Amino acid sequence: MENKRINGNDLIALGYKENHAMGVALKINRKRLGFNREQMLANFKRVLEHPESYLEDAVFKPLAEVLLEIDTMEEEIIKLKEHAEVYTVFGEGNIEDGAKKQMNVAMKLPVTVAGALMPDAHQGYGLPIGGVLATKNAVIPYGVGVDIGCRMALSIFDLPATYLDTYSDKLKEVLLKNTRFGAGNGYLKHERTDHEVLDSSLFNADDFIRSLKDKAWTQLGSSGGGNHFVEFGMIEFATPDGALGVEQGKYLALLTHSGSRGFGATIAGHYTKLAKEICKLPYEAQHLAYLDVNQAEGQAYWLAMNLAGDYASACHQVIHDKIQSALGAELLAKVENHHNFAWKEQFNGEEVIVHRKGATPAGKDVMGIIPGSMATEGFLVRGKGKEAAIHSASHGAGRLMSRTQALKTLSTADLKAILEDKGITLLGAGMDEAPMAYKDIHKVMAAQVDLVDIVATFSPKIVRMADDGSRED
DNA sequence: ATGTCC
């Protein structure tokens, strides 16, 4: 009892605040170094009161430094608004509290103009996944997310859906031959594909971006891990779509979901770190650090983000081109949309920066793709331009279970039965992507009838994903 | 999401 381990509450009782210093103190405490509980607490109290006398101390130096740094920074910390701005939640009943709490913090940022939560929202890092945030002259790297420019691309071929049954073996082979998945994976020098995005002058913007070009080339045309996929399926137009020029019917289609690979992830990491150094926010909002788009750092991120977006698009183009020529098929229509990005848009008569982190652009008449899961339908949609949703919709069904929870509780036999029942061939994927780990896409669509109209329904038939989680070794 | 903390 007497020697019970010191925890955060003990430190708070001494006058510590819930910030970085507490973490440093607890880390020192883990070593103990011959002090008993009482002596350690007394030491922590003295360091807090007189950090300047501990700057040369062998044990407490790191804590003293952090405390002094926090003291001098206190006045630089940007104040949040006292009350969160009001925002609309779509599909309220099926959204976890963690996502709403994160959105509430985002709505208190001094740069926030408006926000909305999509019906597939769940907790993320900084801004929740499924969160839409409009700001004034500020871009939040974690409001875009790690996978900058992550998107959907759909090719509708001039081939009947019956092709899926008649030529299933050929399609399977085409998928295996023309895709490569997983973190760190890409193509060898002699396998690389060229694409005009590699000639973009933005790759010469600065040394940081330049240093990423070779790896970007290596990974061009590859797909990521986790929920990324390349799949063949049937797309059904119950009515003809004049705008797309597709007649009523069932067609063979290719649907892909992937992002900007290691290239975008490195950019996201670099600028999140920079934003946190420049923009000091209170503890609960620190991951929402933002950059001024009218200053050098914000402009550099903006250019890098846009290049990552172009690169992600190029990755999909490479995959679709390879597969289309392997099939020798004609293209009837193509639709593409990104769902992790920031845009300059007009909102309520002013220009704002709209962050969509796992949200599909759904401006009036804007086409988008909302996938379900490997075994459930996805939808080709047309936006209705709903103001309260900041011209957005969900980017999928949304997770019902965390990855760890899914891996722990779901059975492979159940997954196998579902796939068999629906006649779906699955190549790769871990149990964390099983359809049972996702919300019911039909409920999610029902929660956004005011945001999008359904144009066509896509049913996956041959699905390729990264093996076991994000690895493919 | 990414070879996961320079």
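**Helix faces, strand pairs and ring pairs**

Me: Which residues of helix H2 (residues 20-31) are buried?
Reply: They are Ala21, Met22, Val24, Ala25, Ile28 and Asn29. Buried means under 20% relative accessible area, exposed over 50%, and partly exposed anything in between (1.4 Å probe, protein chains only). Helices are DSSP runs of H or I with at least four residues, strands are E runs of at least two, and both are numbered from the N terminus.

Me: What kind of model is this, and which features count?
Reply: This is a predicted model, in which local features need pLDDT of at least 70 and side-chain atom pairs count only at pLDDT 80 or more, while totals for chains, interfaces and linings use all residues. Residues are numbered from 1 along each chain as its sequence is written, chains are lettered from A and ligands numbered from 1 in the order in which they are written, and side-chain values use heavy atoms, with hydrogens and water left out.

Me: Back to H2: what makes its buried residues line one face of the helix?
Reply: Looking down the axis of H2, they fall within an arc of 160°, so one face of the helix is lined by them. The arc is taken over the directions from the helix axis to the C-beta atoms. His20, Lys27, Arg30 and Lys31 are exposed on the other side of H2.

Me: What covers the buried residues of H2, and what follows the helix?
Reply: The cover includes helix H1 (8-14), helix H3 (37-49) and helix H4 (61-73), where contact means heavy atoms within 4.5 Å. Arg32 comes after H2 and has a positive phi, near 60°.

Me: How does helix H8 (residues 168-178) show its buried side?
Reply: Leu171, Val174, Leu175 and Asn178 are buried in H8. Down the axis of H8 they fall within an arc of 100°, so they too line one face. Exposed Asp169, Glu173 and Lys177 sit on the face turned away from that buried side. The partners of the buried residues of H8 include helix H7 (163-166), strand S6 (229-237) and H12.

Me: Why do S10 and S11 count as paired strands?
Reply: Two strands pair if DSSP finds at least two bridges between them. S10 and strand S11 (residues 350-357) are joined by 8 bridges and run antiparallel, so they meet the definition. Trp343 stands opposite Val354, and Gln346 opposite Glu351. The two strands form a hairpin with 2 residues between them, and Asn348 in the turn has a positive phi of about 50°.

Me: What makes S10 an edge strand?
Reply: The open sheet of 5 strands has the order S1-S2-S3-S11-S10, with mixed pairing. Strand S1 (88-89) and strand S10 (340-347) each pair on one side only, and those are the edge strands. Even so, 6 of the 8 residues of S10 are buried, so the strand is largely enclosed by the rest of the structure.

Me: Why is the pair of Phe35 and Phe60 called tilted?
Reply: Rings of Phe, Tyr and Trp (its six-membered ring) pair if their centres lie within 6.5 Å; planes under 30 degrees apart are stacked, over 60 edge-to-face, and the rest tilted. By this rule there are 12 aromatic pairs. Phe35 and Phe60 have ring centres 6.3 Å apart and planes at 40°, so this pair is tilted. Phe35 lies in the loop between H2 and H3 and Phe60 in the loop between H3 and H4, so the pair ties together parts 25 residues apart in sequence. At 28% relative accessible area Phe35 is partly exposed, whereas Phe60, at 2%, counts as buried.

Me: And why is the pair of Tyr125 and Tyr142 called edge-to-face?
Reply: Their centres are 5.0 Å apart and their planes stand at 70°, so the pair is edge-to-face. Tyr125 is in the loop between S2 and S3 and Tyr142 in helix H6 (residues 141-144), so parts 17 residues apart in sequence are tied together. Tyr125 is partly exposed at 45%, and Tyr142 is buried at 15%.

Me: How do you know that Arg192 lies over the face of Trp217?
Reply: A charge sits over a ring if NZ of Lys or CZ of Arg is within 6 Å of the ring centre and within 35 degrees of the ring normal. Arg192 lies 4.4 Å from the ring centre of Trp217 and over its face. The charged end of Lys322 is likewise over the ring of Tyr187, 4.4 Å from its centre.
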